[in-house]
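Student: Can you walk me through this one? I'd like to start with pockets.
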Amino acid sequence: MNASLTLVVLMAVMYASGVYVMLERSLTRVLIGFLLVGNATNLLIFIMSGRPGSSPIVTGTSLDDSMADPVPQVLMLTAIVINFGITALLLALIYRSWWLARLGDEGDDVGDEHAEETADETEAALRSSTDDDDAVQDSLEELGRGTDDSGAPVPADSSAPTGEDAR
């Protein structure tokens, strides 16, 4: 197959301009560059796919010789979906950076109207956790089990000396 020289030149220009624009510091330019590179990749797959042919669904006919290869079509669809996903991610990053830039010196520390309630709940949960740990330690001591240097419980072993025998 002879690829159209126009499509090859267009693809090369899109790759070159996309990479050039992606090297800028602005996220918007990175997004535009990525879109150009993604579309150039789709064009590359299209150019390399070969001649158009009949549908690959129908087989056993005289048209089998001119059947199109479905793999490049699937690759193009996959490239489009990946391009769309990364575009959505970059748009979210652009929006987030714009939103943070509008806040100025406040940055990401926007006041929370429920901060005191949250602090009280966190402190109560930590107290409850400490009480639970103390109850577990008391239960282990009642059963005659202790803890090792790392604080992990040591299982009671009949051959291990206990009490005064350990001294």
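Tutor: Terms first. On a 1 Å grid over the protein atoms alone, a pocket is an open set of points where a 1.4 Å probe fits, with protein on both sides within 12 Å along at least five of seven lines; lining residues have an atom within 4 Å of a point. A volume is the space filled by probe spheres set on the points, which are joined across faces, edges and corners. This is a predicted model: local features need pLDDT of at least 70, side-chain atom pairs pLDDT 80 or more, while totals for chains, interfaces and linings use all residues. Numbering runs from 1 along each chain as its sequence is written, and side-chain values use heavy atoms, without hydrogens or water.

Student: How much space lies in the largest pocket?
Tutor: About 220 Å³. It has 15 lining residues, and F46, S49, G50, R51 and P52 are the closest to its centre.

Student: Which helix gives the most to that lining?
Tutor: α3, with 3 residues. Helices here are DSSP runs (H or I, at least four residues), numbered from the N terminus.

Student: OK, new topic. Which residues of α3 are buried?
Tutor: P72, A79, N83, T87, L90 and I94. Buried means under 20% relative accessible area, with a 1.4 Å probe and protein chains only. They pack against α2.

Student: Why does T87 count as buried?
Tutor: Because its relative accessibility is 13%.

Student: And what is T87 in contact with, leaving aside neighbours within four places in sequence?
Tutor: L31, F34 and L35. Contact means heavy atoms within 4.5 Å.

How values were computed. Buried means under 20% relative accessible area, exposed over 50%, partly exposed in between (1.4 Å probe, protein chains only). Helices (H or I, at least four residues) and strands (E, at least two) are DSSP runs, numbered from the N terminus.
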